[in-house]
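I opened my notebook for a friendly walk through one model.

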Amino acid sequence: MKKILVKSVKGYQRWISPILPPACRYYPTCSNYMIQAIQKHGATKGIAMGTARILRCHPFCEPGYDLVPEKFSLRRNWERPED
(Lines give C-alpha, C1' and ligand atoms only; values in the text may rest on other atoms or scores of the structure.)
Protein backbone atom coordinates (compact mmCIF):
# COMPACT_ATOMS: atom_id res chain seq x y z
CA MET A 1 0.00 0.00 0.00
CA LYS A 2 2.83 2.41 0.88
CA LYS A 3 4.43 1.91 -2.55
CA ILE A 4 1.17 2.72 -4.34
CA LEU A 5 0.67 5.90 -2.31
CA VAL A 6 4.26 7.04 -2.84
CA LYS A 7 3.97 6.38 -6.59
CA SER A 8 0.74 8.41 -6.76
CA VAL A 9 2.39 11.38 -5.02
CA LYS A 10 5.39 11.09 -7.36
CA GLY A 11 2.95 11.02 -10.30
CA TYR A 12 1.44 14.24 -8.98
CA GLN A 13 4.94 15.74 -8.69
CA ARG A 14 5.80 14.78 -12.24
CA TRP A 15 2.56 15.49 -14.13
CA ILE A 16 0.38 17.92 -12.19
CA SER A 17 2.72 20.03 -10.05
CA PRO A 18 4.71 21.48 -13.00
CA ILE A 19 1.57 23.06 -14.50
CA LEU A 20 0.63 24.76 -11.20
CA PRO A 21 2.38 27.82 -9.79
CA PRO A 22 4.71 27.11 -6.84
CA ALA A 23 2.74 27.69 -3.66
CA CYS A 24 4.21 25.63 -0.81
CA ARG A 25 5.44 27.81 2.03
CA TYR A 26 7.32 25.10 3.87
CA TYR A 27 10.49 23.09 3.40
CA PRO A 28 10.30 20.28 2.38
CA THR A 29 7.42 20.82 -0.02
CA CYS A 30 4.05 19.36 0.93
CA SER A 31 4.34 16.50 -1.56
CA ASN A 32 7.83 15.57 -0.32
CA TYR A 33 6.55 15.79 3.26
CA MET A 34 3.72 13.38 2.36
CA ILE A 35 6.19 10.87 0.86
CA GLN A 36 8.48 11.06 3.89
CA ALA A 37 5.55 10.73 6.32
CA ILE A 38 4.21 7.66 4.49
CA GLN A 39 7.65 6.04 4.46
CA LYS A 40 8.33 6.80 8.12
CA HIS A 41 4.90 6.30 9.73
CA GLY A 42 2.99 4.03 7.34
CA ALA A 43 0.08 4.60 4.99
CA THR A 44 -2.71 5.69 7.36
CA LYS A 45 -0.68 7.95 9.64
CA GLY A 46 1.38 9.26 6.70
CA ILE A 47 -1.72 10.32 4.78
CA ALA A 48 -3.15 11.96 7.90
CA MET A 49 0.11 13.85 8.49
CA GLY A 50 0.38 14.89 4.84
CA THR A 51 -3.23 16.06 4.73
CA ALA A 52 -2.78 18.08 7.93
CA ARG A 53 0.33 19.65 6.40
CA ILE A 54 -1.52 20.60 3.20
CA LEU A 55 -4.27 22.21 5.28
CA ARG A 56 -1.63 24.22 7.20
CA CYS A 57 -0.02 25.46 3.97
CA HIS A 58 -1.89 28.68 3.17
CA PRO A 59 -0.91 32.32 2.51
CA PHE A 60 -1.44 33.38 6.13
CA CYS A 61 0.84 30.77 7.75
CA GLU A 62 4.38 31.38 8.93
CA PRO A 63 6.69 29.74 6.36
CA GLY A 64 9.79 27.77 7.27
CA TYR A 65 11.09 24.31 8.10
CA ASP A 66 8.52 21.67 8.94
CA LEU A 67 10.26 18.32 8.91
CA VAL A 68 8.47 15.00 9.48
CA PRO A 69 8.68 14.32 13.24
CA GLU A 70 9.98 11.04 14.65
CA LYS A 71 6.76 10.55 16.64
CA PHE A 72 3.35 10.79 14.99
CA SER A 73 1.83 14.25 15.25
CA LEU A 74 -0.62 16.28 13.19
CA ARG A 75 0.89 19.54 14.43
CA ARG A 76 3.75 21.50 12.91
CA ASN A 77 7.22 20.34 13.89
CA TRP A 78 8.81 23.49 15.31
CA GLU A 79 12.27 21.97 15.75
CA ARG A 80 14.84 23.82 13.70
CA PRO A 81 17.59 21.90 11.89
CA GLU A 82 21.17 22.59 12.92
CA ASP A 83 22.92 25.29 10.87
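Predicted model: local features only at pLDDT ≥ 70, side-chain atom pairs only at ≥ 80, totals over all residues.

**Entry 1: salt bridges**

I took the pair of Lys-40 and Glu-70, whose side chains meet in a salt bridge at 3.0 Å, N to O. Lys-40 belongs to helix α2 (residues 30-41) and Glu-70 to the segment after β2, so this pair ties together parts that are 30 residues apart in sequence. I then looked up how open each partner is. Lys-40 has 42% relative accessibility and counts as partly exposed. Glu-70 is exposed, with a relative accessible area of 64%.

Where does Asp-66 sit? I found Asp-66 in the segment after β2 (64-65). Is Asp-66 buried or exposed? Its relative accessibility is 0%; buried means under 20%, so Asp-66 counts as buried.

I went on to the salt bridges of Asp-66. The side chains of Asp-66 and Arg-53 meet in one at 3.7 Å, N to O. That pair links distant parts of the chain, 13 residues apart, with Asp-66 in the segment after β2 and Arg-53 in helix α3 (residues 43-56). Arg-53 is buried, as is Asp-66.

Asp-66 also forms a salt bridge with Arg-56, where the closest N and O atoms are 2.6 Å apart. Here too distant parts of the chain are linked: Arg-56 is in helix α3, ten residues from Asp-66. I noted that Asp-66 and Arg-56 are both buried. Through shared partners, the salt bridges join Arg-53, Arg-56 and Asp-66 into one network.

I wanted the wider surroundings as well. Leaving aside neighbours within four places in sequence, I listed the contacts of Asp-66, among them Tyr-26, Tyr-27, Pro-28 and Tyr-33. Arg-76 and Asn-77 are in contact with Asp-66 too.

**Entry 2: the whole chain**

I stepped back to the fold. I read three helices and two strands, and along the sequence they follow the pattern α-β-α-α-β. The radius of gyration is 13 Å, close to the 12 Å that the globule rule gives for 83 residues, so the chain is as compact as a globular protein of that length. Taken along the principal axes, the C-alpha atoms fill a box of roughly 30 × 30 × 25 Å.

Buried residues make up 34% of the 83 residues. Of the contacts with a separation of 6 or more, 56% come from residues 24 or more positions apart. The chain exposes about 6,100 Å², and carbon and sulfur atoms supply 60% of that area.

For charge, I counted 14 positive and 6 negative side chains, and the centres of the two sets lie 13 Å apart.

**Entry 3: Ile-38**

Last, I looked up Ile-38, which is found in helix α2. Ile-38 is buried, with a relative accessible area of 1%. Which residues does Ile-38 contact, leaving aside its neighbours within four places in sequence? I found Lys-2, Leu-5, Val-6, Ala-43, Gly-46 and Ile-47. I also noted Ala-48: Ile-38 and Ala-48 are ten residues apart in sequence and 9.2 Å apart in space, C-alpha to C-alpha.

Technical notes. Residues numbered from 1 in each chain as written. Heavy atoms only, no water. Helix = DSSP H or I, 4+ residues; strand = E, 2+ residues; numbered from the N terminus. Rg over C-alpha atoms; globule rule 2.2 N^0.38 Å. Buried < 20%, exposed > 50% of the residue type's maximum accessible area, 1.4 Å probe, protein only. Contact = heavy atoms within 4.5 Å. Areas by Shrake-Rupley, 256 points an atom, 1.4 Å probe, with all protein chains shown as cover. Lys, Arg positive; Asp, Glu negative; His and termini not counted. Charge placed at Lys NZ, Arg CZ, Asp CG, Glu CD. Salt bridge = Lys/Arg side-chain N within 4 Å of Asp/Glu carboxyl O.
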